[in-house]
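Subject: Structure for you to look at

Hello,

I am passing this structure on to you. Please open it first; my notes follow below.

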Amino acid sequence: METHTVLLDHGAGGKLAHRLTTELMLPILDNPILAALHDGAVFDLPPGRLAFSTDSYTVTPLFFPGGSIGDLAVHGTVNDVAMCGARPIFLSLALIIEEGLPLADLERILRDAAAAAQRAEVAIVTGDTKVVPRGAVDRIFINTAGLGVIAEGVHIGGHRARVGDRVLLSGTIGDHGMTIMTQRRELGLDLPLQSDSAPLNHMVRRMLAASPRIGVLRDPTRGGLGTALCEIAEQSGVGIRIHEAAVPVRPAVAGACELLGFDPLYVANEGKLIAAVPPQDAPAVLAAMRSDPLGRDACEIGTVVADRPGRVTLTTRIGGERIVDMLAGEQLPRIC
Amino acid sequence: MPLKHAEEYRDPALARRLAERIRQRSRRPVRLMEVCGTHTVSIFRSGLRSLLPDTITLLSGPGCPVCVTAQADIDAFVALAQTEGVIVTTFGDLMRVPGTRSNLLRERGRGRDVRIVYSAFDSLRIARENPDRQVVFLGVGFETTAPTVAATVQAAAQAGIANFSVYPAHKTVPPALQALLAMAEVAVDGFLLPGHVSVIIGTEAYRSVFDTHGVPGVVAGFEPADLLGAIAMLVEQIEENRPQLANAYPRAVCDQGNPKALALMKTLMRPVDAAWRGLGVIAGSGLELVEAFATFDARRRFVLELPEPQEPKGCACGQILTGARTPPQCPLFRTRCTPMDPVGPCMVSSEGTCAAYYRYHAD
């Protein structure tokens, strides 16, 4: 291509748009359904109930340690579908691009999205590109939607936590949020931080194979672990008691949080999940999580209890007790 | 790595031993006040209150810099943000503090240029990158932040960065303690003194206050064992009736403080009377730039039209900051005033007492 940046014409449906699709996108996102270049994807579905989810992605910076907006847009929707207990199979990918975005950046984002889809074993089967004038969006916004199939006998929902269930967490918390935060703010911190952006559907498959009786699955993205637990407690009308010492936090994340006055319980994750599992099944599900490369640090962090319905209670490291509330508004760095 | 050093002060066994020591020694009901937002948050986050006997009541004093900033100053920040050609740089927790008519977050939403920085020095870079704009840093904070702001002004002067200025709203802790102790309605039996501030000013800076009033004061660190150790010292002083100024944070705080930081403050700043939310005007409790650096004072550079400052109706922040009331005793708490839609500053800052109660304390 002659130009090095995306132009308004690339989104105008003419020659440039066609070339962008056929020369840049198709080779990267290679699959037969997409290659048909229909107005929509046409496909057969396996039997079963379906899960359908959509999410839009905007992140600064576009590229960060551990990922980019490209793989984030795939992982995020794959994970949302997987948290319904479904096996994600198809994705849509829609780009809204600010004119002037370097084509090299676009190519890199698409390659990341394609690699993420391949890793998650989902196909990007339909898409769209719009280019808008400078300032109308911040470089690139991405929307993805995902479709998945739920196996028979699997019933997952935020309202399905039962008293006695064990609460399992798949690994360290706060990695994504603190990576983005420290990148964005030019803090000049030399911390080994890396986003945990990853597709969780394979781990979910292993977990459901270990026990189809899992009641709740949730990926604690924005709002973090604390907010996700509060939502479950509220939706299920139960109390949740967790142990601070059991919640793994990397030292670099803990350090960055301390510096900025953040609570890791409220920092975003993009490759972690929590599950509420009947007690008799918890050991098998935990073992299944640990057998997945993304769940090596999985652990039991607490229990679903009858008292204080709707509330999450934390036993602190020193044996004290406090409540965990939902995050209210974005955490803002404090003064001293 | 400093974190590893902190781990030993988070040791559950050590915390249990200290809590036990406090339970054994504490007889008289006492009210202890911490004067540092970071202490407030640490106390709540560690669930430390649940380990203390009923005899001990912990109060949060005027230790959150955002919370004690006067309404007129908040209004000035908003007015600066509304001024044509101005970029306001600020620490994050000022963004949501409600002024009389607006706040910084809302102004940013309206297209005003308000940028969150982590250090005053970031403002200099922004000033360099925007030579045709005025960059104003909102100088809020205690002795912990004042030296870095002084250093920033000095650097701006040396580099000739003329489009940079500071709105000086810094405050100093010892005069506020003095004022608190003089207030009849403030009944405090002992103070947990702020660790970070004390790193700068040193333990001796509190000497005259505590010698005058004969109240126990102990400088405390921020880990659970630091705080429990300091509380144990306060309880022992009270039970043995020998109030004194003591340092339970000697690994960071010395008698004389940080001479370099203090010298920098002295070179560039001078004490002025300052208005505190909840405490009123306290003599010599603020800092402004000395005459030689006064051109960097945003108040001299901009003529601001300010509304008659009105503190939110029914808001008890003023009384909460002096320990006269606790957040659940405010009629607005959890009803009209929440972190999502805060009425008063104590609900805004992550280190505010009301926000800590809301977030960590069950009713």
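How close do the axes of helix 2 and helix 12 of chain B come, and at what angle do they cross? They come within 9 Å and cross at roughly 15°.

Before the rest, some conventions. This is a predicted model, in which local features need pLDDT of at least 70 and side-chain atom pairs count only at pLDDT 80 or more, while totals for chains, interfaces and linings use all residues. Residues are numbered from 1 along each chain as its sequence is written, chains are lettered from A and ligands numbered from 1 in the order in which they are written, and side-chain values use heavy atoms, with hydrogens and water left out.

Helix pairs in chain B

Helix 2 covers residues 12-25 of chain B and helix 12 covers residues 224-239. Helices are DSSP runs of H or I, at least four residues, numbered from the N terminus. Axes are lines fitted to C-alpha atoms over the stretch in contact, with angles from 0 to 180 degrees between N-to-C directions. Helix 2 and helix 12 of chain B are therefore roughly parallel (angles under 35 degrees). The contact (heavy atoms within 4.5 Å) includes B:L14, B:L18 and B:I22 from helix 2 and B:L228, B:I231 and B:V235 from helix 12. Its residues divide into 10 nonpolar, 1 polar and 4 charged. Here Ala, Val, Leu, Ile, Met, Phe, Trp, Tyr, Cys and Pro count as nonpolar, Asp, Glu, Lys and Arg as charged, and the others, Gly among them, as polar.

Helix 3 (residues 37-45) of chain B and helix 16 of chain B have axes that come within 10 Å and cross at roughly 10°. That makes helix 3 of chain B roughly parallel to helix 16 of chain B. B:T40, B:F44 and B:R45 of helix 3 meet B:T353, B:A356, B:Y357 and B:Y360 of helix 16. This contact has 4 nonpolar, 2 polar and 1 charged residues.

A loop residue in chain B

B:T322 sits in the loop between helix 15 (317-321) and helix 16 (353-360) of chain B. B:T322 is buried, with a relative accessible area of 5% (buried means under 20%, with a 1.4 Å probe and protein chains only). Leaving out residues up to four places away in sequence, B:T322 touches B:M33, B:L180, B:M183, B:V186, B:G278 and B:L279. B:M183 is 139 residues away along the chain, and the two C-alpha atoms are separated by 9.0 Å.

Helix 7 of chain A

Of the 13 residues of helix 7 of chain A, 10 are buried, among them A:L225, A:L229 and A:I232. A:G237 follows helix 7 of chain A and has a positive phi, near 65°.

Regards

Notes
Helix = DSSP H or I, 4+ residues; strand = E, 2+ residues; numbered from the N terminus. Parallel < 35°, antiparallel > 145°, perpendicular 65-115°, else oblique. Buried < 20%, exposed > 50% of the residue type's maximum accessible area, 1.4 Å probe, protein only.
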